Amino acid sequence: MAGSDRAAPAPTAPASPAAPEAVKILIAGGFGVGKTTMVGSVSEIAPLRTEEPLTAAGLDVDDLAGIEEKRDTTVALDFGRISIGRELVLYLFGTPGQQRFWFMWNDLAIGALGAVVLVDVRRPESSFAAIDFFERRGIPFVVGVNGFHGRHPYPAEEIREALALPEHVKVLLCDARERASSRDVLIALIDQLIDAAASAAAS
């Protein structure tokens, strides 16, 4: 209206983008299956590692059969981070593999939405404890079959049968040294979590 002294509305500030959702994921499995390697290959930040050299004191404790070339071992955890698009950030916690450090798994599992269990087909029994751990606690997980030296002698379904895994648990052949391969395993876990949430909401 002419002559009105009403001030024009102030321009609206653009809305700030929503912070991405943070999800805690565990990378678990037996001694020497490639957990530290996977976290390091896929993390977009310099990973935190708590590796120490293997010593003579552990010779009677740590089973090096099939991994005689291993020189270091995780004594606490590995930590890394990867963004999946703009809306989701995964915080990765690699668990220690030796039995004497399994007491830490309960604390590391607090707040975790899911897990990747890495399996070495040369020593599949080394990851049985991790599978049992997540099954007992109802924490969803996928199985990544780490092909050492790029070799995968068995198909995924044969490995599923050998591990007696239910159909809803995804089994993926992977190479923990390769970023793209490790990322695909994590995306498969997120897809599995989304499918489970959708099924729960529909029931």
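**Entry 1: conventions.** I take an axis to be a line fitted to C-alpha atoms, for a helix over the stretch in contact, and I give angles from 0 to 180 degrees between N-to-C directions. Helices (H or I, at least four residues) and strands (E, at least two) are DSSP runs that I number from the N terminus. I am working on a predicted model, in which local features need pLDDT of at least 70 and side-chain atom pairs count only at pLDDT 80 or more, while totals for chains, interfaces and linings use all residues. Residues are numbered from 1 along each chain as its sequence is written, and side-chain values use heavy atoms, with hydrogens and water left out.

**Entry 2: overall layout.** I looked up the secondary structure and found 5 helices and 8 strands in the protein chain, which follow the pattern β-α-β-β-β-β-α-β-α-β-α-β-α along the sequence. Of its 203 residues, 43% count as buried, where buried means under 20% relative accessible area, exposed means over 50%, and partly exposed lies in between (1.4 Å probe, protein chains only). I also noted that, of the contacts (heavy atoms within 4.5 Å) with a separation of 6 or more, 72% are between residues 24 or more positions apart.

Entry 3: I traced an open sheet of 6 strands in the order 4-5-1-6-7-8, with mixed pairing; two strands pair if DSSP finds at least two bridges between them. Its edges are strand 4 (78-84) and strand 8 (171-174), each of which pairs on one side only. On average, and with direction ignored, neighbouring strands of this sheet are turned by 25 degrees against each other. Strand 4 and strand 5 (residues 88-94) run antiparallel and are joined by 7 bridges, and within this pair I found Ser83 bridged to Val89 of strand 5.

**Entry 4: helices on the sheet.** Helix 1 (residues 35-42) packs on the sheet, where it touches strand 1 (21-29), strand 4, strand 5, strand 6 (114-119) and strand 8, and its direction makes about 40 degrees with that of strand 4. Helix 4 (residues 156-163) also packs on the sheet, touching strand 6, strand 7 (141-146) and strand 8, and its direction makes about 125 degrees with that of strand 8.

**Entry 5: strand 6.** I then asked how many residues of strand 6 are buried. The count is 6 of the 6, so strand 6 is largely enclosed by the rest of the structure. Gly114, Val116 and Leu118 point one way from the strand, and Ala115, Val117 and Val119 point the other way. I set this beside the general rule that side chains in a regular strand alternate between the two faces of the sheet.

**Entry 6: helix 1 against helix 5.** Helix 1 is mostly covered, since 6 of its 8 residues are buried; these are Lys35, Thr36, Met38, Val39, Ser41 and Val42. The axes of helix 1 and helix 5 (residues 179-202) come within 8 Å and cross at roughly 100 degrees. That makes the two helices roughly perpendicular, on a scale where angles under 35 degrees count as roughly parallel, over 145 as roughly antiparallel, 65 to 115 as roughly perpendicular and the rest as oblique. From helix 1, Met38, Ser41 and Val42 meet Arg179, Ser182, Arg183, Val185 and Leu186 of helix 5. By class, this contact has 4 nonpolar, 2 polar and 2 charged residues (Ala, Val, Leu, Ile, Met, Phe, Trp, Tyr, Cys and Pro count as nonpolar, Asp, Glu, Lys and Arg as charged, and the others, Gly among them, as polar).

**Entry 7: nonpolar cores.** I define a nonpolar core as a set of buried Ala, Val, Leu, Ile, Met, Phe, Trp, Tyr and Cys residues joined through side-chain atoms within 4.5 Å. The largest has 26 residues, and those with the most contacts inside it are Leu26, Val117, Phe134, Phe141, Val143 and Leu165. Strand 1, helix 2 (105-109), strand 6, helix 3 (128-137), strand 7 and helix 4 each supply at least two of its residues, and the largest share, 4 residues, comes from helix 3. A second, separate core of 22 residues includes Val23, Ile82, Leu88 and Leu118.

**Entry 8: Trp105.** Leaving aside neighbours within four places in sequence, I found Trp105 in contact with Gly29, Thr95, Pro96, Ala129, Ala130 and Phe133. The C-alpha atoms of Trp105 and Gly94, 11 residues apart along the chain, are separated by 9.8 Å.
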